[in-house]
Every structure is written in C-alpha cells, then in structure tokens.
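Subject: Structure handover

Hello,

Here is the structure you are taking over, with notes on what was found in it. Please read the notes with the model open beside them.

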Amino acid sequence: MAGSSNGAHREAMRDAQGQVIGYLDHLHAPGKVLVRDADSNLLGSYDPRLNETRDASANLIGSGNLLGLLLGRSR
C-alpha cells in the first residue's frame, strides 16, 4: 500500500510493546481512512466528509473517527 500508484498511504498501528496490531490505509482521492487488523483484514472505515465510522459490513458505528474502537474490538 505505501508508495502505491493510487495515492494511498499505509500507517502501521503498534501496541506498547511495538507489535503491529493493525493498519490505517489513508485513501487520498475520496479522503476515507480504512482500518485493518494485523492480517490486513478490513475492520471498517471513516469518511471525514460525512464524519461517520462504519464497520466492515457498512453498519454505522457512530459519528467521528472511531477507528481505534474497531481495532480494539479485533484483539
């Protein structure tokens, strides 16, 4: 994902011990951010235009960026 030609950027999320627990994929064109677990399984997304976080099944989780909540649920 990092350095890909679609303009996306991947950021690794780590726990206190430095272990990768997931990833944030920043999609530049639509502005969305995807959250994935350490195995790259999609957990959900945040759309800043709508200010909504949704899970991988597109169920509304809430207003604002709640991607950390989804990442915490997967552990």
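Buried residues make up 32% of the 75 residues in the protein chain, where buried means under 20% relative accessible area, exposed over 50%, and partly exposed in between, with a 1.4 Å probe and protein chains only. This is a predicted model, in which local features need pLDDT of at least 70 and side-chain atom pairs count only at pLDDT 80 or more, while totals for chains, interfaces and linings use all residues. Residues are numbered from 1 along each chain as its sequence is written, and side-chain values use heavy atoms, with hydrogens and water left out.

Overall picture

Helices (H or I, at least four residues) and strands (E, at least two) are DSSP runs, numbered from the N terminus. Read from the N terminus, the order is β-β-β-β-β-β-α. The radius of gyration is 12 Å, close to the 11 Å that the globule rule gives for 75 residues, so the protein chain is as compact as a globular protein of that length. That radius is taken over C-alpha atoms, and the globule rule is 2.2 Å times the number of residues to the power 0.38. The C-alpha trace spans about 35 × 30 × 20 Å along its principal axes.

Of the contacts in the protein chain with a separation of 6 or more, 15% are between residues 24 or more positions apart; contact means heavy atoms within 4.5 Å. The accessible surface comes to about 4600 Å², and 47% of it belongs to carbon and sulfur atoms. These areas come from the Shrake-Rupley method with a 1.4 Å probe, and for residues only the protein chains shown count as cover.

Two strands count as paired if DSSP finds at least two bridges between them. β4 (42–47) and β5 run antiparallel and are joined by four bridges. β5 (residues 52–55) is also antiparallel to β6 (residues 60–63), with three bridges joining the two.

Some individual partners can be picked out. Ser45 has Arg54 in β5 as its bridge partner, and Arg54 in turn stands opposite Leu60 in β6. Thr53 is bridged to Gly62 in β6.

In a regular strand the side chains alternate between the two faces of the sheet. In β5, Thr53 and Asp55 form the covered face, whereas Glu52 and Arg54 form the uncovered one.

Most residues other than glycine have a negative phi. Which residue in the turn between β4 and β5 has a positive phi? In that hairpin, with four residues between the strands, the residue is Asn51, at about 55°. Asn51 counts as partly exposed, at 36% relative accessibility.

The hairpin of β5 and β6 also has four residues between its strands, and Ala58 takes a positive phi near 70° there. Ala58 lies in the loop between these strands and is partly exposed, with a relative accessibility of 48%.

Leu70 sits in helix α1 (residues 67–73). Is Leu70 buried or exposed? Its relative accessible area is 5%, so Leu70 is buried. Not counting residues up to four places away in sequence, Leu70 touches Val35, Leu43, Gly44, Thr53, Arg54, Asp55 and Ile61. Thr53 is 17 residues from Leu70 in sequence, and their C-alpha atoms are 9.2 Å apart.

Gly44 belongs to strand β4 and counts as buried, at 2% relative accessibility. Gly44 and Leu70 are 26 residues apart along the chain, and 7.0 Å separates their C-alpha atoms. Leaving aside neighbours within four places in sequence, the contacts of Gly44 include Val33, Leu34 and Val35, Arg54, Asp55 and Ala56, and Leu67 and Leu70 in turn.

Regards
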